[in-house]
Each structure stands twice: as C-alpha cells, then as structure tokens.
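Subject: Structure handover

Hello,

Here is the structure for you to look through.

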Amino acid sequence: ASSGPTRTPTHATMEPAKPIKFTVLGDAIVDVSVGPLDAFPTPGADVAASAIALSPGGSALNTAWHLAEQGVDAELRAAVGKDRAASVLTRALADESKLRDPSKSIATLNYHATASCVTIAAGAKTERAFVSSPGAARAATMNQLLPDGGDADALDATHVHVAGFYVCEGVHGGLAGVVRRLKSRGVVVSMDPNFDANGGWTNRAMKLAIKGPSAVDVLLPSEVEACEITGKPTAEEALDALLGVAEGEGGGKGSPDGVKLVVIKRGAAGVLAGDRDGGRWNAPACTVSRVVDTNGAGDAFNAGFLRSWASGAGVPQALNVGCAAAAIAAQHAGAVGAWAPSAAAVDALADAEYGDKPWWQQGLLACMAPRKLT
C-alpha cells in the first residue's frame with residue numbers, strides 16, 4: 001500500500017480511504033537555460049553568459065516530479081530518443097526524482113531525438129527567447145507510451161494527468177479513446193494543454209477533449225491558452241466557454257457533457273476556477289519575495305492543486321496549495337531539482353499565506369515561510 005496521500009471520503013457512508021496514484025502522460029524535455037545576458041547576441045558575436053544550465057524539463061516531467069516529491073505515488077509516461085540527451089533525463093529521473101520506477105515507464109524511440117528546448121534570457125527586463133526541438137515528445141504515440149502496447153487498463157492509477165498536449169502530437173489520435181476507457185473505470189483525467197506553437201489551438205483532438213464523452217474531468221490551461229482555445233477575450237468568458245455555459249448566462253451552470261472543472265492560471269494575477277455546477281472561485285497569487293525563474297511554475301501549481309484536490313480538499317483550498325507550490329518554484333532556478341518542496345512545505349506556505357490568522361501573524365509568516373521551507 002502506498003504511504004502517500006489518500007482520498008478523504010465526502011459522502012455520508014464512510015469507506016476506507018483509497019490511496020491516490022497518478023500517471024502523468026506527456027512530454028519529457030532537456031532544458032538548456034542560457035543567461036541572463038545583457039542583450040541578445042547578434043549574428044557572429046560571442047557573448048559571455050553568467051550561466052548555462054542543463055536540466056530535465058517538460059510539463060509532464062515537471063508535474064510528475066513535483067507530485068512524487070510531495071509524497072504522491074506517481075509515474076511518468078513519456079518518450080526519449082536513443083541519444084546522449086536521453087541520458088540527461090533518465091539519469092535525473094532515476095537518481096534524483098522519487099517517481100515510481102522510471103526505467104519501466106519511459107519509452108525509447110530509436111529514430112527520433114530526445115526533445116529539447118533552449119531558453120535565452122537577456123535584456124534589462126529579462127526577456128526570453130526559445131528554440132525548441134520536440135523530437136520524441138512529438139513523435140510518440142499513445143501505444144508507445146501506455147503499457148503493454150497501448151493498454152489503458154494496465155495503468156495502475158486513480159488519476160491520469162495529460163501534460164504538454166500540443167507538443168505531444170503523436171498521442172492526439174488515441175487520446176479520446178483512452179480518456180473514455182479511463183473514465184469508464186472511474187479514473188479521473190486532467191489535462192494541461194500548454195502553448196500551441198503552431199497556432200492551431202482548436203484541432204479535432206482538443207475539441208474532443210473539452211466536450212463529449214471523451215472530455216477530460218479537469219482542464220488546467222493558462223489564461224493565454226484558455227482565451228486562444230475558446231476565442232474569448234477574457235479569462236472569465238473563456239472559463240464559461242470551456243465549461244459549456246450558454247451564451248448570456250455568464251457564471252451559470254455548464255454543459256453536462258463537458259469538462260467538470262476548469263482552473264485557469266493567470267500568473268501574478270492568481271487563478272480563476274469554475275465547475276459545471278455553477279461554482280466559481282479565485283485565489284490571489286502567493287507572495288514571492290524574489291522571482292528567480294518562472295519556468296515550470298505552472299507545472300508546480302498543477303502538482304500542488306491536483307495532490308490537494310485528489311486527496312479530498314475543496315477547490316478553494318486546493319487553489320491555495322497550488323499557488324503556494326508555484327511560488328516556491330518561482331524562487332528557484334530550473335523547473336525541477338533537489339529544491340522541489342515536500343507536501344509539508346507547500347501546505348505550510350499555503351497556510352501561512354491564506355490561513356485564518358491575525359493580520360500581523362499572517363504577514364510575518366508569509367514573509368518568512370519561503371526561506372524556512374525551501
């Protein structure tokens with residue numbers, strides 16, 4: 001039996017708590033971070049950087065790593081190539097993460113390079129430029145990522161989280177069928193679409209993922225992603241659209257055949273959430289004493305929110321926990337690493353920031369917690 005978090009029964013007849021188990025399916029990427037530089041280099045120039053760092057990344061990898069660090073029994077289903085970059089990921093997962101046996105859950109594609117992304121930070125405002133090669137993350141099919149050649153029933157999970165949707169084009173064809181099968185077994189399915197570099201946004205796979213029998217249970221886009229997917233100008237309108245709320249009934253109940261819960265991440269503006277029963281919630285961003293690197297903060301939010309919510313917490317509490325996890329991530333370099341916080345650290349910061357305390361105590365703890373807990 002897992003020693004991780006368990007579901008808290010919410011109905012009258014108390015049943016034995018069932019340990020939660022996550023499978024996170026999606027992208028694993030080698031992140032190369034350059035800078036910060038005084039300015040972006042010009043062609044032919046050689047610019048000195050304060051640091052060039054190589055680290056594991058990708059939305060699915062980041063989320064799974066944080067879940068495991070927070071005590072959740074979690075596995076990562078992703079693909080790498082047969083190259084040197086793959087060893088960066090597989091060694092980090094095996095030696096540094098607490099994921100469930102990554103040697104058995106990472107697929108190797110012989111004819112595709114491991115996905116990689118170079119991030120260059122430069123300028124007075126620390127602007128960023130990206131160069132990406134999706135490689136194996138884009139090519140891998142659902143049959144290659146799932147056990148036994150594509151058997152969704154073979155997943156040992158109470159919750160499946162799909163991350164890096166737009167990067168992982170190879171899974172699009174099989175996603176709807178897998179979601180339907182998982183939901184028929186009572187497995188909760190969540191998804192973070194991430195950014196669509198191709199600008200398509202509303203391909204067939206996305207349409208199936210947000211409405212109909214293959215709609216995911218929980219959708220966790222950023223504000224930009226939510227607005228692009230729906231074509232709406234504001235997060236509030238995008239939230240209603242994703243929930244299937246009828247035109248003219250803003251904030252009302254959503255469609256019974258759509259996404260059950262939508263959580264929109266808004267960066268420094270906090271988070272906005274709603275469910276198809278008409279519930280609406282928001283939470284301010286957690287205090288951050290010094291922003292170091294926001295790369296992966298959204299994935300840290302996902303892990304904190306999903307861990308709390310799947311363990312039985314209500315949406316408001318889970319939003320606070322997610323914001324606390326994101327705040328800790330933003331104060332560290334790299335999307336994951338030895339600094340990744342435990343559940344106790346995340347929950348303590350959430351309590352310090354959002355808990356019911358005298359104003360002076362709450363402010364004092366919020367200032368102290370990031371240094372104490374990480």
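Trp201 is buried, with a relative accessible area of 6%. The cut-off for buried is under 20%. Keep in mind that this is a predicted model.

Trp201 also forms an aromatic pair with Phe195. The pair is edge-to-face, with 5.2 Å centre to centre and 85° between the planes. In total, the structure holds five aromatic pairs. Another of them joins Phe301 and Phe305, and this one is stacked: 5.9 Å centre to centre, 10° between the planes. Phe301 and Phe305 both sit in helix H10 (residues 297-310); they are four residues apart, so about one helical turn separates them. Phe301 and Phe305 are both buried.

Next, helix H6 (residues 172-184). Which of its residues are buried? They are His172, Leu175, Ala176, Val178, Val179 and Leu182. The elements that cover them include helix H5 (142-145), strand S8 (159-163), strand S9 (188-192) and helix H7 (204-210). After H6 comes Gly186, which has a positive phi, near 85°.

Then there is a pair of helices, H11 (residues 315-330) and H12 (residues 343-354). Their axes come within 8 Å and cross at roughly 110°. Crossing angles of 65 to 115 degrees count as roughly perpendicular, and H11 and H12 are therefore roughly perpendicular to each other. On the H11 side, the contact is made by Asn320, Val321, Cys323, Ala324, Ala325, Ala327 and Ile328. H12 contributes Ala345, Val346, Asp347, Leu349, Ala350 and Tyr354. Sorted by type, the residues of this contact are eleven nonpolar, one polar and one charged.

Last, the confidence of the prediction. The mean pLDDT of the protein is 90, and 90% of its residues reach 70 or more. Over residues 6-16, however, the pLDDT is below 50, and this stretch has 16 contacts in the model beyond near neighbours in sequence. Residues 369-374 also stay under 50, and for them the model has nine contacts beyond four places in sequence. Where pLDDT is low, the predicted coordinates should not be read in detail.

Regards

Definitions and conventions
Residues are numbered from 1 along each chain as its sequence is written. This is a predicted model: local features need pLDDT of at least 70, side-chain atom pairs count only at pLDDT 80 or more; totals for chains, interfaces and linings use all residues. Side-chain values use heavy atoms; hydrogens and water are left out. Axes are lines fitted to C-alpha atoms, for helices over the stretch in contact, and angles run from 0 to 180 degrees between N-to-C directions. Helices (H or I, at least four residues) and strands (E, at least two) are DSSP runs, numbered from the N terminus. Angles under 35 degrees count as roughly parallel, over 145 as roughly antiparallel, 65 to 115 as roughly perpendicular and the rest as oblique. Contact means heavy atoms within 4.5 Å. Ala, Val, Leu, Ile, Met, Phe, Trp, Tyr, Cys and Pro count as nonpolar, Asp, Glu, Lys and Arg as charged, and the others, Gly among them, as polar. Rings of Phe, Tyr and Trp (its six-membered ring) pair if their centres lie within 6.5 Å; planes under 30 degrees apart count as stacked, over 60 as edge-to-face and the rest as tilted. Buried means under 20% relative accessible area, exposed over 50%, partly exposed in between (1.4 Å probe, protein chains only). pLDDT is the predictor's confidence in each residue, from 0 to 100.
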